[in-house]
Structure formats: structure tokens, C-alpha cells
Amino acid sequence: MIDHILSLLIAIPLLGAAAVAVWPTQNTSHFRIIALVALLLEVVVAVVLYISFDNQNPGFQLSETKDWITLPIGSLGIVSIDYALAVDGISFPLVLLAVIVLLVGVISSWNIAQKTRAYFALYLLLSGSVIGCFLAQDFFLFYLFFEFMLLPMYFLIGLWGGPRREYAALKFFIYTFFGSLLILIVMIGLYLSVIDPLETARMVGIMGADDVIHPDLIPQIQQWLIDGKIAPEQIVHTFRFQFLGDPGNYLPGSLLHLASQYYIGDIPLRLLAFWFLFIGFAVKLPVVPVHTWLPDAHVEAPTPISVVLAGILLKIGGYGFIRIVDGFFPLEAQYSAIPLGILGMISIVYGGFNALGQTDLKKMIAYSSVSHMGFVLLGIAAFTAEGINGAIYQMVSHGVLSAMLFLLAGVVYDRTHDRKIDNYRGLIGVMPHYTIITGIAFFASLGLPGFSGFVGELFTLMGAFQSDLLPAWIPALSTLGIVLAAGYFLWTYQRMFFGSFWYQNGNNSVLTDLTAREKGLLLPLVVMTILIGILPGIVFDMTGPTIEAWLETVTR
Amino acid sequence: MPDSAYFLPAYLLLGVPFLGFLSLWLGGKKLNNAAGYLGAAATLTGLIISFYYADPDAVHIVRFNWLVIGNTSIELAFRFDFLTCIMLAIVHFVALLVQLYSISYMHGDRNLHRYYAFLQLFLFSMVGIVLGGSLLVMYIFWELVGLSSYLLIGFWYFKKRPVWAAQKAFVLNRIGDAAFLTGILMLFYYTGSTDFEVLPTAIADLSPGLLTVIGLCLFGGCVGKSAQFPLSGWLPDAMEGPTPVSALIHAATMVAAGIFLMARISFMLTFKAEVVILIIGTITMLIGAVKALNEWDIKRVLAYSTMSQLGLMVVAIGFGSWQTAMFHLATHAFFKAGLFLSAGSVIHAVTPSETDTVFDAQNMRTMGGLRRSLPITFICFSVCAAALAGLPFFSGFLSKDAIITEGFLWAKLAGPVGYIFPLIVIFSAGLTAYYMTRQVWLVFFGEKRYTASAAVHPHESPALMWPPMLLLSVLSLFIWFSWNPFDANGWFLHFLQPEHSAHLSWVPFVASATTFLFIFLAYRETKAANPFRLESNRWETETEKKFAFNWLRDYSQERYFIIPFEFVTNTFKRFEKNIIDSVVDWIAKGSVVAAHVISWIDRNVVDGGVNLTVFSIRSAGNAARSLQNGRIQSYYLVTVAGLFFLILWLVLA
């Protein structure tokens, strides 16, 4: 099992989705139980994964590789696409986060009443694709999963959402699809430029004594490539991350070769490719100004989908920045550090101010996500160990906290179908437990020490200060974000929870305190944010060695 | 004792209040009756531990590894030295008295367990600040102190104003904290550490300009927490919290944390930074004193006075003499806590026995003549007030005297303009004497104006309330700080190891002369026809609004923070809606128009043709139909298609 554990992680939800789709009865509870069982199994596999994962190993672990598509296309060489999965310190915390948030999401979907078969099938499909995104080690496979997420997400918002769901769903789709197109263009460019040295070695017929291709052959092949000793028909093109990251594998004179002389206007093609990829993932993160799909999507999405969207989907943007954007274009990323840092700073401050101005609870939380994800971009732009570790930590922390915040927003929405902050007052009088947990979530999100939000902000800011690429005023101005966070969270808290109880639409009897299921969902998240807030080593021990090795490779 | 022996007190001093917090908070309402005693017991334990492990002549440091990332290894260090000895004693002692006092004062509140739980949380975080061996540790507990202050100011959450005041306090503090954090991160970058052991040598290589910037960033933390101009507006409003909380947190301990921080980092303050600090301190000191002159709420007078005294301590830091600042911090902690507890006793006494919506138990206009019914409170209040006013034989006299002396010594070095600062300090001390005389007279002398409400029956406070007051007022006498009532260089100041201990023999006389002059002015006012404009201004009138210093009122309210924030927020919101979203919308609509044009050309010019054309017509037709249906979504689809072709053209061209 351990050899195929990563495939299993992807297969379980997909099989679950198939099972829900073909299940013979129309019984709603069957569907959700299948979904729950699938995700519980997923948790079991994740626990096994956690045990077998070696924190000290900076490389890829538990790799699985299968040749998938090999297609000679004449002078354009040979197309080679692999089914390659692996985890390392960058993806592993995010995989664990995804499993947890997906489980939380399925439990909070318990009350979904309409079209349950479709809902749970799509939910499981989404789960499989999200996990696949973090595990894929082949750009083509990654892109497949990446695109595959859009479809279930589109329907989950568009069919089960609020009043303006169609608008929100399409806006979400268009934005992300636009981003995907930019990624696709660069992907094709990369494909045309990069070879798989091992497979090429096989094609030209150099092998070791034991008929096995040795990795030592790579420099030789790369030298041959430069000398032009390999015929175009024999060149095997690849999408594998491990080859895309190594400048030696780029065809001399190809579009995206390090010394590429291609320009569009005055902009070098590699820099343009970098910005295309960046924008592609920036839509997902989201980065101001391509963020406007997020508030709409969050407001209209049903609670569990908001949880999954904020909890994991946004993280694929940050993951893409590290693995793909910085991984394949490290020089361009360092060259562009200042604009990236400024974009991060703008997201932090702009998102914070907008959150302060919202009257809708979910929108306020959505803009706070924009602000918090700005710290991720700031940390990544810094290109330092502290910054990138901090960025991954911030993603994990925000995953837990935003899941909590959206669950909490869902609690009142479920009861009243009203998300206006000003329509509530003094909820502490009727919902004391709800008030306490919201207080914890708010203080954790505004970065109070002892909770995870503080550590994430501290290390992304520290990384940005340490960075030689960023001037100090960028992180210094970003600290305004922590002031604003105190403002919008506490102001909301004061308006909704304190004073004497009052509810706009009169019908108070529906405002009952948390149910056992809601508490069961929220308390583990509270424990998690405190646990990783006090012992941040839990995350940093996973990411540290990998990031150190990764930084050495990309800054070579 | 070796350093490793100090793990135990570190665990105990932090662990006991934290466990106290958890058990009282989770224990629920059934603990309401026992909570006060449990809290006091926990604090007594802390006090005993602090004295048992007190070793002022040595420095003991304990370290815990927190984490390692990249080149940054982060340790949580806790430090025991003479500064922690003093602070631990003050914090635990005042906290113990305040909790005993609260048992009686807060009696009958339905959330008592939460009250004591939050007090324990406060102690946990305050002890953390005091023990913090690096700026990062201090910052962590600094924020937690902010949380406990928030929880305690807003303790009566069902009332509107306390909750608002709590939030205001937290947010204004956060502004200072952002600067503080920036300073910490800059130190991490330039020196790789914020440990107090490492910093003195590590900063040697930094340029003075950079040190000034870092020093002022760190001072930002002090500006927030110690209510300095321009972030001081939260302190008067924090008086919405229960009075014992005001005594402990917003007078004696938490607000002094900023001064403690400056004392810790005094070695890295450059002259330029000190001048800025001096100016900020002077402004705060004057504003506080002037506002206290004109205030009618018994607690808010004391709050403005606290602000003014904190300004005085900051001035001392600016003179480069953190020792005298700490000296004043210590004396101030006792007499100000004593004043607040006595004020609580007064409020307790004049609170109507039945509900009276008009009568305000904190308004000094409806007090007066209370010395007969509240003799103990009267004595305690007067002694502490005398200490605050700086009368000879009281502790405040000594510490203020020390600061003024330092001021003249500093001015001698800094040049003639520098003399303006010690002179302002003397003037402000005079104002202090004036408003305290006014307050004592308004509360305890004159007519019995509380008879305005039939339900007010003043009575002396119960036995759990007055002993803490009495103890604090005894501690406001000179004897505890210096054997000679006219020489501030007593054992306490020597304990703080000042580099130079000069004594200007004329300072005590000039200072006392000013104090007596202002007391005389206040006394003369009590004999006036309308003392302190008591009658004509019973309620706010137009004349009062025209009072010369009233512009200051504005800055303590929202104008300088809320309104600019609101403006920026609304601008950004409009920007979001009208620019960012509408650009997308515009592109979408433009694409649809383009699609129409193209489809028209397609139909009429290309006409017929290959299958592709048919496909285009069909898509355009769909787009057109969507337009008529008003379905905005389809605009985006067209946009993306348009962009896609644009990019394709760019790449291929």
C-alpha cells in the first residue's frame, strides 16, 4: 500500500464520486455517508502518510511514476507525459490541510437537501482534483487536475449557492479560466523548450553497463545537446517538474532557454512567461487587482463550499507560486521581487480597508482572506527561507482559520438566511458558545500571539525584512494590515455580539446556540490553530529542510 | 543560584496565573463565590515566589528553543534581574490588593468567575512582559496584555460604551504595536537577535541614523501601551471598565509596561531619538494635566492624570534617565492604585440604592462633603492625592524631584533651549497639584450635593475594601523610598544603579514652592462665588465648549483616527466597485460589441465560407441572445475568448 499511497489519496475520493453517481437508491443519507466514509478513509491514509513521511529528507518522497503518453511527432521530437506523483516539504503540509478541510466541509454539508447525489459526487470529484494538484509532479497532470477543479466548483456555487449564484459562479469560472489560459500558454512554451535527459539518453542509445540509465548521464546529455549532437526526432520533450526546474535541460535556442533571445516588444520572453504564470496563479491566490471574483464567490457559495474555497483552493495559488513560478523562473522572480512585494503589500492593505468597509459578514471575511493571502505573496516575493517557510505556514494557518470563519458565518446564515452585520446585536445573550468561539477565531485571525495567525504574519514579515531584494518600506507598510485586522474583526465583533440582544427581522427564536455537530466541527479547528500557534515547529519541521535545499537549487 | 534553578520560578510565575485563568474561566458560574479567593491565592503564590527568587545583584536567564528557520533561530528567553525584581513585586502586590478589594466591590456580579479569570490572564501576560528576555517575547506578551485589557474594559459587555471603549483601546494599541513589530523585525534583520544579552554588543555596528529609526519604532509600542500622544485617546475611555481594573491595569501596571520597555532598551536610544521621546512625553504630560483640570467624572480625572504622569515618565526617559522613570513608575503605581481604589469606594458609597436614571455616581458635581461619612476613604484619598501632587514627605515628591533634577542636568549638557523642558515639568507639576486639590475639594468638602437624589446614602466601605486602600496610601509615604524626605537619592534609586547620582539642593524648594502656589490658587478658587464653575456648568453649555483648551477634546475622540480610516475605506470600496469591477465589465461589454461587429462582417462580407464561419455566427448569435437576456456572465466568456485570440496572435506574430 505504501508504494501507491499517493495514488490512493487521489483515487479514494474519485471512486467515492463514482460510487455516489451510480448508487442504486435515491436515499439522501446514503450519498452523504459515502462521501463521509470516503473522506474518513482519506484521513486514515493521510495518517499513514504522516507516519511514513520523513521530515529530514529535503527531496521528493513516496514518488510514483508511470509512463502515460509517449507520442513521436516528427521533427518536434517525442511527446512524453508521465503520471508522476510525489510529496515534499512544500506540498506535504498543504496535503494534510486539504484532507482536514475537506473532511470538515463534508460534515458541514450534512444539511444539503437538494440534488444531493450531484452535490456529493461533485464534492468528491473536487476533493480528488485538489489533492491531485498538490501531488502531481508533471505539469500536464497538474494542469489537468487544476482545470478539473473548476468544473465541480462552478456547479457547486452555481447550483447550491445564494440568490446571485449564477453571476458568482460564472465570474469565478471566467477569472480562473482566464488564469488557466495564461498558464497553458507558458506550459506549451516550456514543453517546447525542455527535454527529458534520461529518456533522450535512451533514445540516442547511451546506457550504463547494466542496461539502466544512470542519472550521472544527465550532464553528458546536456553537453551533447549544446553541441547539437542529438537529432530533433530523438529529443524527448517532457512536462516533468524535476526537469523543468533544471536550466541544463533547456534546448539551446529554444523559446524559454535561459539565454533566450526572444523578445516581445522590449520584454524578454522568459520574463513575459514568468508574468503569465504569475497572473495565472495570482487569480487563484487572489492578488489585488484580480481578486474581485472572490467576494462574490464566497458570498454566494454555500457554507461548505466557502470553507473549501478559502481553506484550500486559494492555497493552490500560493503552492503554484512556489513550485512552478519560482521553481522554473527563479531569476525572473528575483528580478521582479519588488513589484511582487508591492502587490503583496497592496493586497494586504487594500483587502484590509475593504474588509473594514463591508456590511455583509461573509464579504468581510472574504476581504480579510485577500488581506491574509497578501502575506503569502509578500513572503514568497522575499525569496528568503523565513519568507517562504512563513508563506507556507501562513497558508496552513489561513486554511484552518478561514475554514473556521466561514463555518461561523454559516451558523447564523443557516438560522436566519441573513448575513448583514448590522441586523444583529448582542448575540452573546442568546448564543454564548457561538460568541466565545467566534471571539477565538477573530482574535486568532487578527494575529494574537498564541494562535497560528501571529506566527504566519511574523515570519512572512520577517522574511520580507531579511530579503535583500525588497526594500524595508514594503514590509513596514504591510504592518498596517495587522492594525486593520484588529479594526475590522473587533468592530464586527462589537456590532454583532455585544450590547443587548436585538435582531432585525424579529424572529429571534431561530437564533439558537451551536449544535453538537457545529461544536464538533469548530473545536478541532480551535485546537489546531492553538497547537500550531504555540508549537509552529510542527509545520516548520516539515517545510524547513525542503525549503533550504530548494532555495539552494533555485538561487544557484 | 545557577541559571538552571530559574526554570522553576519561570514555570511557576507564568503557569500559576495561566492555570488560574483556565480553571476559573472553564469552571463556570458555580465558581463565582470562590473565584476572588482563588485568584488572590494564586497571586499571593506569585508574590511569594517573586520574593523568594529575588536576586537583584545578578542576572539569570532561562531559554527555551522555539524554532529554527533558515538562519534565524528563535529562542524564548526569560530574564531575572533587578528590574524584574521591582516589577514583579509591584505587579503581584497591587494585583493582590485589587483582587481582595474586588471581592467586596464586585460582589453579586453574575460573571465573577470570568472577571477573576481575566485578571489572571492579565497577570500571566504582564508577568510575561516583565520576565521577557528578548523583545520578541515581550511583544508576544504585550499583545496578550492587550487582549486581557480588551476583555476587562469590555467586561460589562451588555452596555454599549464599555465594549466600544475596549475596541478603541485595542485598535489604538495595535497602531503602536505595528511600529513596535517593525522595530523588532528591523533588529532581527540587522543584528539577527532581539535578546537583551546580545543586543548591547550587536548594535555597536549600526549607524546612528538607523538606531534612531529602530529606537523610535520600538518607542511606538510605548506610545500605544502607555497612552502617549497621539495614541492616548483610549485611556480615558478605558475607565468604562470596572474601577479595580482601572486601578490595576490602567493606572499601576499595564500602562507602565511602555515605560518598562523603554527602560529595557534605553541603551540603544540615540540623542535624536531621546529628543523626539522627550517632546512626545512633554506634549502628553501637558495635555493630560490640562484635560484633568476641566473634567467632572471622578475616574476620568484620574485617567487624565495617569496619562500626564506617564508623560512625565517618558520625559524622564527622554532625559536619558530611565532610573528616575522607573522610580516614578514605582511610586506612581502605589499612589495611583490607592487613588483609584479610593475613588471606587466613593462611587460605591454614592451609588443610589434604587434605580435612578438621572443620577451619575461618578460625576463630581453631585458629590461634595463626603469626608464625614467616608472618613477612611477620605484619609486614603488625601494621602495618595498628596503623593500625586508632590507634597513633601510623600513618595511622589521624591520621584518627581529626581526627574526635575535630571532635567536640569540634561539641559546643562543639551544647551540653553533644553531648560524649557524641566521648567515645563515644574509647571505641569503645579497643574497636578491644582487639579488634585480641586478633586479633593469637590468630592470631600463643600456642600453635600449628592442629596440631589433621595436614594443616595453614603456609607463607609466594607472591611475587604478599605485595608487595601490604606496599605497603598501608607506606601505613598517617603519613608519606603528614601530616609531623607528631601533627598530623592535614597536606597530605592541606588538600587536602580544610576550612572550619576547628582543632587541639586535647590530643586526640592523650587518644586515645593510651585506646588504650594498652585494649591493656594486652587484653594482660592474654592472660596469663589462659583468654585470651579460648578454651578453655571452643571451640564455642558456653549460657554464650556468655547473654553480655550477644548480643541484638545477632539483629539481624544474619533476625529483623528476613525474619520480618516473611514474615508480611506470608503474610497477603496468605491474604487473596487467603480474602477476594478467596472473595468472588467467594460472589457466584457466591449468584447460583446466587437463580437457583434465581427459577426456582422462575417455574415455580410465573408458570407458563407467554411464551417468555422458557421461556428462563429452561432457563437455570436448566442452572445447576442445573452445580451438581450441581460445575462452578464456571457460577457466574460466572450472576453476570455477575445483575450485568448489576442494572446495567440501576440505569440504567433
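**A few notes on this two-chain model**

1. Let's start with a loop in chain B. Pro230(B) sits in the loop that links helix H8 (208-225) to helix H9 (234-237) of chain B. Keep in mind that this is a predicted model. The peptide bond between Phe229(B) and Pro230(B) is cis, with omega at about 0°. For background, most peptide bonds are trans.

2. Chain A has a cis bond to look at as well. Here the partners are Val288(A) and Pro289(A), and omega is about 15°. To find Pro289(A), go to the loop between helix H10 (269-284) and helix H11 (293-300) of chain A.

3. Next, backbone angles. Most residues other than glycine have a negative phi. Lys115(A) isn't a glycine, yet its phi is positive, about 45°. You'll find Lys115(A) in the loop between helix H3 (92-108) and helix H4 (116-135) of chain A. Is Lys115(A) buried, exposed or partly exposed? There are 15 other C-beta atoms within 10 Å of Lys115(A), so this residue is partly exposed: buried would take 20 or more, and exposed 12 or fewer.

4. His417(A) is another one to check, with a positive phi near 55° in a residue other than glycine. Its loop runs between H16 and strand E6 (424-425) of chain A. His417(A) counts as exposed because it has 11 C-beta neighbours inside 10 Å, and the cut-off for exposed is 12 or fewer.

5. Now have a look at the sheet in chain A. Three strands make up an open sheet in the order E1-E2-E3, and the pairing is mixed. Which strands are at the edges? They are E1 (61-72) and E3 (236-238) of chain A, each of which pairs on one side only. From one strand to the next, the twist averages 25°. Zoom in on strand E2 (residues 78-87) of chain A: three bridges join it to E3(A), and the two run parallel.

6. Last, the place where the chains meet. On chain A, 52 residues are in contact with 48 residues of chain B. Several helices of chain A give two or more residues to this side, among them H14 (337-356), H16 (385-416) and H22 (537-554). Which helix gives the most? That's H6(A), with nine residues. By type, the chain A side that touches chain B divides into 33 nonpolar, 15 polar and four charged residues.

Conventions. Residues numbered from 1 in each chain as written. Chains lettered and ligands numbered in written order. Predicted model: local features only at pLDDT ≥ 70, side-chain atom pairs only at ≥ 80, totals over all residues. Pairing = 2+ DSSP bridges. Helix = DSSP H or I, 4+ residues; strand = E, 2+ residues; numbered from the N terminus. Axes fitted to C-alpha atoms, helices over the stretch in contact; angles between N-to-C directions. Contact = placed C-beta atoms within 7 Å. Nonpolar A, V, L, I, M, F, W, Y, C, P; charged D, E, K, R; others polar.
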